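Here's a quick tour of a protein structure, meant for someone just starting out. Have a look at the sequence and the fold first, then come back for the notes.

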Amino acid sequence: MSSKNEILSNLRKNISERYEMPDLATLQGITFADPVARFLEVIEAVGGKGVLLQEGQDINQVIREHYPEAKNIASNLPEITIANLNPDSVDDPHELTGIDVGVVQGEVAVAENACVWVPQNVRHKVVYFISEYLVIVIDRKNIVNNMHEAYPKIDFHGREFGVFISGPSKTADIEQALVIGAHGPKGALVVLK
């Protein structure tokens, strides 16, 4: 018997009370009276920004207001007319270096943690990580309360890549030093249409 199996066997022999596993089918997750408002609150808490687009408000103007200094704006979304680069037209992803703002489409947003599921809907997924700032556009009707509700809405089949993104890139070490933008965008803006 291996040492691992021996340890587990000893543990099993010495456990006096046993409990049944919980019925995971009954877990529904947290819900919110207003998932949109909760999402906007949480995205701020994780270091990002959220904008609820109002009737008649121009998404291009919103992006320009948040990133007035941006010179290189990349997007393959037809409504983003301020973009001066379609990343799908680039053959070599190394040519995408220097993107100030990348504007991409999200599929499902989660109010509980402000994550947005972004499937690979651009030719080169590097756009999600190499952009100095990332703007994620999503329909407000696609905001769910929690991850329990999010997963069934995601189509994993036929997709090479997808990622949940919540705010800007962040990392921290054991000494509590937080660094924003170390491994990806320095800022993230979620625009709810």
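This is a predicted model: local features need pLDDT of at least 70, side-chain atom pairs count only at pLDDT 80 or more; totals for chains, interfaces and linings use all residues.

Residues are numbered from 1 along each chain as its sequence is written, and side-chain values use heavy atoms, with hydrogens and water left out.

- Ile15 sits in the loop between α1 (3-14) and α2 (35-45); helices (H or I, at least four residues) and strands (E, at least two) are DSSP runs, numbered from the N terminus.
- Ile15 counts as partly exposed because its relative accessibility is 42%, given that buried means under 20%, exposed over 50%, and partly exposed in between (1.4 Å probe, protein chains only).

- Strand β3 (residues 101-105) has 4 of its 5 residues buried, so the rest of the structure largely encloses it.
- Strands of a sheet pair through backbone hydrogen bonds, either parallel or antiparallel.
- β3 runs parallel to strand β2 (residues 73-75), with 3 bridges joining them; two strands pair if DSSP finds at least two bridges between them.
- Val101 in β3 is the bridge partner of Ile73.
- β3 also pairs in the parallel sense with strand β6 (residues 133-138), over 5 bridges, and there Val104 stands opposite Ile136.

**Asn60, tucked away**

- Asn60 belongs to helix α3 (residues 59-66) and counts as buried because its relative accessibility is 5%.
- Leaving aside neighbours within four places in sequence, Asn60 is in contact (heavy atoms within 4.5 Å) with Glu79, Ile80, Thr81 and Ile82.
- The Asn60 side chain reaches two backbone atoms: the oxygen of Glu79 at 3.0 Å and the nitrogen of Ile82 at 3.2 Å.
- A polar contact like these is a pair of N or O atoms within 3.5 Å; within protein, one must be able to donate a hydrogen and the other to accept it, and residues adjacent in sequence count only if both atoms are side-chain atoms.

**Helix α2**

- Val36, Phe39, Leu40, Val42 and Ile43 are buried in α2.
- The cover over these buried residues includes β1 (49-52), β4 (108-110), β5 (115-119), β7 (143-144) and β11 (187-192).
- Just after α2, Gly47 takes a positive phi of about 100°.

- An open sheet of 4 strands runs in the order β7-β4-β5-β8, with mixed pairing.
- β7 and β8 (162-165) stand at the edges with a single partner strand each, so one side of each has no neighbour in the sheet.
- β5 and β8 run antiparallel, joined by 4 bridges, and Val116 stands opposite Ile165 in β8.
- Ser166 is in the loop between β8 and β9 (170-172), and counts as buried because its relative accessibility is 19%.
- The Ser166 side chain has a polar atom 3.0 Å from the backbone oxygen of Asn113, and reaches the backbone oxygen of Ala114 at 3.3 Å.
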